[in-house]
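Here are some notes to read beside the model.

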Amino acid sequence: MAKEIKELIANTFLAMAEGLETGSFSKKPRIALTGMGSEHGEENSMKAAVDAARDGVDVLYIGSLKNDAVETLVVDNDEEGHDKMDALLKEHKIDGAVTMHYPFPIGVSTVGRAITPAFGKEMFIANTTGTSSTDRIEGMVKNALYGIITAKACGIQEPTVGILNVDGARQTEKALKKLQSNGYPLHFAESSRSDGGAVLRGNDVLRGTPDVLVCDSLTGNVLSKMLSSFNTGGSFEAQGFGYGPGIGENYNQLVMIVSRASGAPVLANALRFARDLIKGNVFAVAKEEFALAKKAGLDSILAEIREANKPKEQGEAVPMPAKEIVTAAVYGIEVTDLDDAVLELWKEKIYAESGMGCTGPIIRVSESNLAKSEEILRAKGYIS
């Protein structure tokens, strides 16, 4: 007991001294880094720990190396390091951890934080690892929410949200617009391309057009790797903050993911990222955002998505109307819905063809049938 009191007094005086030096008397978040397993050697990890510590992060290094700038919890191998990290998280002896791999449960995935090359702008990539849902569209809708939570915890009060033009983008956009119209305070980004819109292209990724870029986690993982290592030939991730924290409903454990290819600058930034999230009360932000989204009908919107994406029974054959010249296009159709949308128009005796435009899937119709086709497809929920 006497030893614990002495440690408490010592820590109190240390905190006071740091407060007088920095002007901040709040408790510093304690972040662990598992240092073994890097493709660049354990020295790379220790360098990151020292760099972050010199920037004011309270780092606990878990590995075999030691340095006067940080405290080391000595372990013999990577597996033992992860066991120690898990124990420290469960016992609340650390506030968060940065590690190179972690088995997140379904429903939890990570939000990356990148530095985009065109203007050096930070952008959150939602998401980069893990699985938000086994349904692709539901997962991307959740990814948008996870990205907003992370951005807000990092101090962006009204983050703008854009959706990368990947499979599922249009369905995701429709669901998010429904959530927005029901009262959820969602702010859409506008593409830097002349045709605008919240569905973004590669140009927008390079420019950092949105604060939060929504995509599936496999695409997000590739983007994170490319943005962090495009100047190094791919073997050394030199820029950005890594693959970010695992976010999910009622998930209150801060585990930050980096890659085995991440260099010391990225590892150090990941430690700073973790500090920012703890100081920004990320779990309180998550609780508030989920409450707002549920009030706006999140659960029913996700249920509709799951129902719509169930395998469809084979219906009766629909005869194709007489062919005509098709020079007009209906935009905003999800690629997986193209065939069904064409059949809906055929049922109304409108000739239509599926196609692919520069902004994604389209349905081609005659100029005279364009307005009616849009009206039909909007009523059926294929476009917004």
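1. Helices H4 and H9 lie oblique to each other, a word for angles that are not under 35 degrees (roughly parallel), over 145 (roughly antiparallel) or 65 to 115 (roughly perpendicular). The angle between H4 (residues 136-153) and H9 (residues 282-295) is about 135°, and their axes are 9 Å apart. Axes are lines fitted to C-alpha atoms over the stretch in contact, and angles run from 0 to 180 degrees between N-to-C directions. Helices are DSSP runs (H or I, at least four residues), numbered from the N terminus.

2. This is a predicted model, in which local features need pLDDT of at least 70, side-chain atom pairs count only at pLDDT 80 or more, and totals for chains, interfaces and linings use all residues. Residues are numbered from 1 along each chain as its sequence is written, and side-chain values use heavy atoms, leaving out hydrogens and water.

3. Which residues does Asn 269 touch, not counting residues up to four places away in sequence? They are Gly 240 and Phe 241, where contact means heavy atoms within 4.5 Å. Asn 269 belongs to helix H8 (residues 264-279) and is buried, at a relative accessible area of 16%. Buried means under 20%, exposed over 50% and partly exposed in between (1.4 Å probe, protein chains only).

4. Arg 378, in helix H12 (residues 370-379), is partly exposed, with a relative accessible area of 43%. Not counting residues up to four places away in sequence, Arg 378 touches Ile 383 and Ser 384. The C-alpha atoms of Arg 378 and Ala 32 are separated by 51 Å.

Methods: Helices (H or I, at least four residues) and strands (E, at least two) are DSSP runs, numbered from the N terminus.
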